[in-house]
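Please look over the sequence and the 3D structure below before reading the report.

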Amino acid sequence: MKATRSAPRERERSRTTSGNLSVEAEVDLLSYCAREWKGETPRARLMRKAYEELFWRYHVKCVRPVKRDNYDALRSVLFQIFSQGLSFPSWMKEKDIVKLPEKLLFSQGCNWIQQYSFGPEKYTGSNVFGKLRKCVELLKLQWTEFSGMRDYHKRGSMCNSLFSDAILECKLYEALKFLMLYQVTEVYEQMKTNKIVPSLFRLLFSRESSPDPLSFMMNHLNSIGDTCGLDQFSPDFSPVMVPPSFHTVGTCP
């Protein structure tokens, strides 16, 4: 009697949803801090102080270690958003973010966006818009679903499923990268009309490697997910808020 064999797609789904979680189970915050930040270097002392403040002032008792790769900072941010069921920021509520890739091309004439890279995939040409649209559409769909879910345990179960699917994760991180690029482009246009913009954007555009959105994309953003992470491309600019360590996300009791 022959043994039954699962279809290739089923076997692949099994591999991506079991034992491959990119955000690990909870561990005690202070124990993790003591293990990861030993020694008396200035950075180690600063990180221990940050973790202790999280514990005593904000009552964060546990953290979940995050897989270390060139998407880890974005993974930390996205996990916090989804696991806590956070809603869209105000500017995303006012716009249909799925249409933003086409808007950059047709309304603002950003033909250079065809040079956008999807992590290690050097994807160029006019098809970049369709691929970006699918990534942003997926992010909007997932974000809407998580933010509308009031059951904490159900959100946790869905997070475990999502953060076990490497292909799905990459699409979501590329959507976040694109939203960063869109905001940088919007602020750049505002600066042309002498509008007041946040100082962090002025710092960004004052650098030789990113005086405009195109150079920001080519010299920095395209490398995220490929050769470096968000924490590596700039010592003084980060368009998204991240936890004290890019390699953990905090959880409250």
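This is a predicted model: local features need pLDDT of at least 70, side-chain atom pairs count only at pLDDT 80 or more; totals for chains, interfaces and linings use all residues.

Residues are numbered from 1 along each chain as its sequence is written, and side-chain values use heavy atoms, with hydrogens and water left out.

**Aromatic rings**

A pair of aromatic rings is described by the distance of the centres and the angle of the planes. Rings of Phe, Tyr and Trp (its six-membered ring) pair if their centres lie within 6.5 Å; planes under 30 degrees apart count as stacked, over 60 as edge-to-face and the rest as tilted. Nine aromatic pairs occur in the structure. Two of them are listed here.

| Pair | Centre to centre | Between the planes | Class |
|---|---|---|---|
| Phe-82 and Phe-146 | 4.5 Å | 5° | stacked |
| Trp-91 and Tyr-182 | 6.0 Å | 15° | stacked |

Helices (H or I, at least four residues) and strands (E, at least two) are DSSP runs, numbered from the N terminus. Phe-82 belongs to helix 4 (residues 72-84) and Phe-146 to helix 7 (residues 128-147), so their pair ties together parts that are 64 residues apart in sequence. Trp-91 in helix 5 (residues 90-94) and Tyr-182 in helix 9 (residues 166-192) are 91 residues apart, and their pair links distant parts of the chain.

Buried means under 20% relative accessible area, exposed over 50%, and partly exposed in between (1.4 Å probe, protein chains only). Phe-82 and Phe-146 are both buried. Trp-91 counts as buried because its relative accessibility is 19%, and Tyr-182 is buried at 1%.

Two rings also have a charge over them, that is, NZ of Lys or CZ of Arg within 6 Å of the ring centre and within 35 degrees of the ring normal. The charged end of Lys-61 sits over the ring of Phe-55, 4.1 Å from its centre. Lys-131 lies over the face of Phe-118, 4.9 Å from the ring centre.

**Helix 4 and helix 8**

The axes of helix 4 and helix 8 (residues 152-162) come within 8 Å and cross at roughly 145°. Such axes are lines fitted to C-alpha atoms, for helices over the stretch in contact, and angles run from 0 to 180 degrees between N-to-C directions. With contact meaning heavy atoms within 4.5 Å, Phe-79, Phe-82, Ser-83 and Gln-84 of helix 4 meet Tyr-152, Arg-155, Cys-159 and Leu-162 of helix 8.

Tyr-152 is partly exposed, at 46% relative accessibility. Not counting residues up to four places away in sequence, Tyr-152 touches Glu-26 and Ser-83. The C-alpha atoms of Tyr-152 and Gly-85 are separated by 8.3 Å, although these residues are 67 residues apart along the chain.

**Cysteines**

How many disulfides does a search of the whole structure find? It finds zero, where a disulfide is a pair of cysteine sulfur atoms within 2.5 Å. Cys-159 is buried, with a relative accessible area of 1%, and Cys-228 is buried at 13%.

**Loop residues with positive phi**

His-59 is not a glycine, yet has a positive phi of about 60°. His-59 lies in the loop between helix 3 (42-56) and strand 2 (62-65) and is partly exposed, at 46% relative accessibility. Asn-194, also not a glycine, has a positive phi of about 65°. The loop between helix 9 and helix 10 (199-205) holds Asn-194, which counts as exposed because its relative accessibility is 70%.
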